[in-house]
Amino acid sequence: AALANIWQVFAEFDDDGSGTIDRVELARHLRKMELGLDDEDIDIVINLMDADHNGYIDLEEFSRIVAGGESTYQGRKLNEIRKSLRKLSTDRD
């Protein structure tokens, strides 16, 4: 997925335009994607995405996950999330 397309998806998730995605924003958009994630799954995902553990996901952290950042989190679920995020970004082409 091209960075410009990833940026568009990131901007959609960043509801308040702050330049970061918080837990509430991420949870809202992951739920819209209907991936069957519960609150625990969402907590795990935000902790994986939030590499510097400041409570927010920036574009670099978001891009790392979409592009295939390393993780051992329940492989299937993370791959499903990654695939869905990639689809959102490639739909921009």
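Q: Why is Arg 64 called partly exposed?
A: In this predicted model, Arg 64 has a relative accessible area of 37%. Partly exposed covers the range between buried, under 20%, and exposed, over 50%, so Arg 64 falls in that class.

Q: Why does Glu 60 count as exposed?
A: The relative accessibility of Glu 60 is 55%.

Q: What makes the pair Glu 60 and Arg 64 a salt bridge?
A: Their side chains meet at 2.9 Å, N to O. The cut-off is 4 Å between a side-chain nitrogen of Lys or Arg and a carboxyl oxygen of Asp or Glu, so this pair qualifies. Both residues lie in helix H4, four residues apart, about one turn of the helix.

Q: How many salt bridges does a search of the whole structure find?
A: The search finds four. Among them is the one between Asp 15 and Arg 28.

Q: How do you know that Asp 15 and Arg 28 form a salt bridge?
A: Their closest N and O atoms are 2.2 Å apart. The limit is 4 Å, so the pair meets the definition. This pair links distant parts of the chain: Asp 15 is in the loop between H1 and H2, Arg 28 is in helix H2, and 13 residues separate them. Asp 15 has 39% relative accessibility and counts as partly exposed. Arg 28, at 37%, is partly exposed too.

Q: What makes Asp 39 and Arg 31 a salt bridge?
A: The closest N and O atoms of Asp 39 and Arg 31 are 2.3 Å apart. With a cut-off of 4 Å, the pair is therefore counted. Asp 39 is partly exposed at 46%, and Arg 31 is partly exposed at 41%.

Q: Why is Glu 25 said to have no salt bridge?
A: The nearest side chain of opposite charge, that of Arg 28, is 5.6 Å away. A salt bridge needs 4 Å or less, so Glu 25 has none. Glu 25 lies in helix H2 and is buried. Leaving aside neighbours within four places in sequence, Glu 25 is in contact with Phe 13, Asp 14, Asp 15, Asp 16 and Thr 20.

Q: What makes the approach of Asp 38 to Glu 40 a polar contact?
A: A polar atom of the Asp 38 side chain lies 3.1 Å from the backbone nitrogen of Glu 40. Polar contacts are N or O pairs within 3.5 Å, so this distance is inside the limit. The side-chain atom is an oxygen, and the contact is at the start of H3. Asp 38 lies in the loop between H2 and H3 and is partly exposed, with a relative accessible area of 41%. At the start of H4, a side-chain oxygen of Asp 58 reaches to within 3.2 Å of the backbone nitrogen of Glu 60.

Q: How do you know that the buried residues of H3 are on the same side?
A: In helix H3 (residues 39–49), Asp 41, Ile 42, Val 45, Ile 46 and Met 49 are buried. They cover an arc of only 130° around the axis, which puts them on the same side of H3.

Q: Which residues touch the most other members of the largest nonpolar core?
A: Of its 21 residues, these are Phe 13, Leu 26, Leu 30, Met 49, Phe 62 and Leu 85. Helices H1 (3–13), H2 (23–32), H3, H4 (59–67) and H5 (75–90) each give two or more residues to this core.

Q: What is Phe 62 in contact with, leaving aside its neighbours within four places in sequence?
A: Phe 62 is in contact with Ile 6, Val 9, Phe 10, Phe 13, Ile 21, Met 49, Ile 57 and Leu 85. Phe 62 is also one of the buried residues of H4, with Glu 61, Ser 63, Ile 65 and Val 66.

Q: Why does His 53 count as exposed?
A: His 53 has 59% relative accessibility. The threshold is over 50%, so His 53 is exposed. His 53 sits in the loop between H3 and H4, and has a positive phi of about 55° although it is not a glycine.

Q: What is the pattern of the protein along the sequence?
A: The pattern is α-α-α-α-α, with five helices and zero strands. Of the 93 residues, 38% are buried.

Notes: Residues numbered from 1 in each chain as written. Predicted model: local features only at pLDDT ≥ 70, side-chain atom pairs only at ≥ 80, totals over all residues. Heavy atoms only, no water. Buried < 20%, exposed > 50% of the residue type's maximum accessible area, 1.4 Å probe, protein only. Arc of directions from axis to C-beta. Polar contact = N/O pair within 3.5 Å; in protein donor to acceptor, adjacent residues only side chain to side chain. Core = buried A, V, L, I, M, F, W, Y, C linked by side-chain atoms within 4.5 Å. Contact = heavy atoms within 4.5 Å. Lys, Arg positive; Asp, Glu negative; His and termini not counted.
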